[in-house]
Amino acid sequence: MARLANWLRLAVLAGAAALMAAPSLEAVAGADLPKLERGKAEKCVEDTQFMRRNHMDLLKHHRDETLRQGIRTTKHSLKKCVECHASEKTGSVAASKDDFCASCHSYAAVKLDCWDCHATKPGKKPVQQAGQPATSPLMASTPMEGKQ
Amino acid sequence: MSEPIKQDTPAADGERRTFLKAGAAVAGAVVAPGVLLYGVSQARPPEEGASSKQRWGLLIDTTKCGGGCHTCVDACNAENGLDGKTGPQDPQWIRKVDIKDLRTGYVQSLPMMCQHCEHPPCVDVCPTGASMKRADGIVLVDRHICIGCRYCMMACPYKARSFVHEPLTDQNPEVPRGKGCVESCTLCVQRVDRDEQPACVEACTAEGHQAMIFGDLKDPQSAISQALKSVDSVEVRADLGLNTGVRYQGI
């Protein structure tokens, strides 16, 4: 009897786990997820799931190492992120709301201030190109400046 | 004992000389790539940080600096993405300063920028730690934690720092700049880390003035150390005891 009870308990647990897993998967598949312009990026330097959760920590760690210690490795550098992920349409990671950074960040409602200072486009761009949006849509401070 | 020497005919001796010459030529050929390899290996690998074994500095010869020449300023602006305006609220990393002896009328011209002090007053006064000195002596602003209080601008005796008042776009990817932060000459840190010279020095040399020498002050063999040993150079405001990395000759 005890063995049967154990089996039953296991079966119930397995069923519960399956039930819990299934709706979450469905929810993910059915949710209105952001559509990313991945750019020319084929394979990231880290696993995608890891990057989704940890890219901000990697970038923050790397920025301090680069600026304060002069360590200029490229694996977790923002410049390299931009080089790979710049959209083929806009040439930027944050010019339109479908671009790589902008799409997820507007979806998650997390304001980015990287692009107040950092270039959103790879390569040297000393003069502003005509026809391109002047600032990122994520720079919430931009409309305010017009009024001041 | 002397027999083997006698056997050396003049012809054989001549052969040996040609062999030695050839050997020397081969050695020379080997040395040239060796020198190249040495040059490459001097560049710091990217995973290695700036080291206190070096201290970067500049020697500016004001007798060679051309009055009315703005090549260094233009090169700086192009490299770092400054627009070149010189209004009271426009960021300027290098200023060309003309000084005139009022009694004699003798005019000198010199570029004035961040002097990369050993004891920088801007670092002393910064309330957040954003103003900092790297291990190799380059004084920088960490814009990530700069709150734009401008205390460092007041502390700097050289008026070297500027505040960015307007939002910027299309920055150079290597030189992030933005509104609300203080900034100044970085000694082109992005170039120095690649083992290149600052843009102003390169431009001055290309222009033919050769008024600026950049190099490692702690390396006794470097061109700047050799020059400093042989010419009379001064710090601007030496009375403050800041031990600047930028020194001037001829003022």
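Residues are numbered from 1 along each chain as its sequence is written, and chains are lettered from A in the order in which they are written. Because the model is predicted, local features need pLDDT of at least 70, side-chain atom pairs count only at pLDDT 80 or more, and totals for chains, interfaces and linings use all residues.

**Chain A**

Chain A has 5 helices and 0 strands. Helices (H or I, at least four residues) and strands (E, at least two) are DSSP runs, numbered from the N terminus. Along the sequence the pattern is α-α-α-α-α. Of the 148 residues in chain A, 24% are buried. Buried means that 20 or more other C-beta atoms lie within 10 Å of the residue's own; exposed means 12 or fewer, and partly exposed is in between, with C-beta atoms placed from the backbone. Two residues are in contact if their C-beta atoms, placed from the backbone, lie within 7 Å. Among chain A contacts with a separation of 6 or more, 59% join residues 24 or more positions apart.

Helix H3(A) buries A:Leu78, A:Cys81, A:Val82 and A:His85. These residues cover an arc of only 95° around the axis, so they sit on the same side of H3(A). The arc is that of the directions from the helix axis to the C-beta atoms. An α-helix has 3.6 residues a turn, so residues three or four places apart point the same way. The cover over the buried residues of H3(A) includes H2 and helix H4 (100–107) of chain A.

**The contact between the chains**

Chain A contributes 26 residues to the contact, and chain B contributes 23 residues. On the chain A side, helix H2 (48–69), helix H3 (78–85) and helix H5 (141–147) each give two or more residues. H2(A) supplies the largest share, 4 residues. By class, this side has 9 nonpolar, 9 polar and 8 charged residues. Here Ala, Val, Leu, Ile, Met, Phe, Trp, Tyr, Cys and Pro count as nonpolar, Asp, Glu, Lys and Arg as charged, and the others, Gly among them, as polar.

**The cores**

A nonpolar core is a set of buried Ala, Val, Leu, Ile, Met, Phe, Trp, Tyr and Cys residues joined through C-beta atoms within 7 Å. The largest has 50 residues. B:Ile60, B:Cys72, B:Cys76, B:Ile94, B:Cys200 and B:Met212 touch the most other members. Elements of chain B that give two or more residues to this core include strand S1 (56–61), helix H3 (71–80), helix H7 (199–207) and strand S10 (246–249). H7(B) gives the most, with 5 residues. Leaving out residues up to four places away in sequence, B:Cys72 touches B:Ile94, B:Pro111, B:Cys200, B:Ala203 and B:Cys204. Another core lies apart from the largest one.

H3(B) is mostly covered, with 8 of its 10 residues buried. Among them are B:Cys72, B:Val73, B:Ala75 and B:Cys76, but also B:Asn77 and B:Glu79. The buried residues of H3(B) pack against strand S2 (94–100), S3 and H7 of chain B. B:Gly81 follows H3(B) and has a positive phi, near 75°.

S1(B) is largely enclosed by the rest of the structure, because 6 of its 6 residues are buried. Both faces are covered. B:Trp56, B:Leu58 and B:Ile60 lie on one side, and B:Gly57, B:Leu59 and B:Asp61 on the other. S1(B) also pairs with two strands, as tabulated below. Strands pair if DSSP finds at least two bridges between them.

| Partner of S1(B) | Sense | Bridges | One bridge pair |
|---|---|---|---|
| S8(B) | antiparallel | 5 bridges | B:Gly57 with B:Gly215 |
| S10(B) | parallel | 4 bridges | B:Leu58 with B:Val246 |

**Two loop residues with positive phi**

B:Cys188 is not a glycine, yet its phi is positive, near 50°. B:Cys188 lies in the loop between strand S7 (182–183) and H6 of chain B. It counts as buried because it has 26 C-beta neighbours inside 10 Å.

B:Arg237 also is not a glycine and has a positive phi of about 55°. Its place is the loop between strand S9 (233–234) and S10 of chain B. B:Arg237 has 13 C-beta neighbours inside 10 Å, so it counts as partly exposed.
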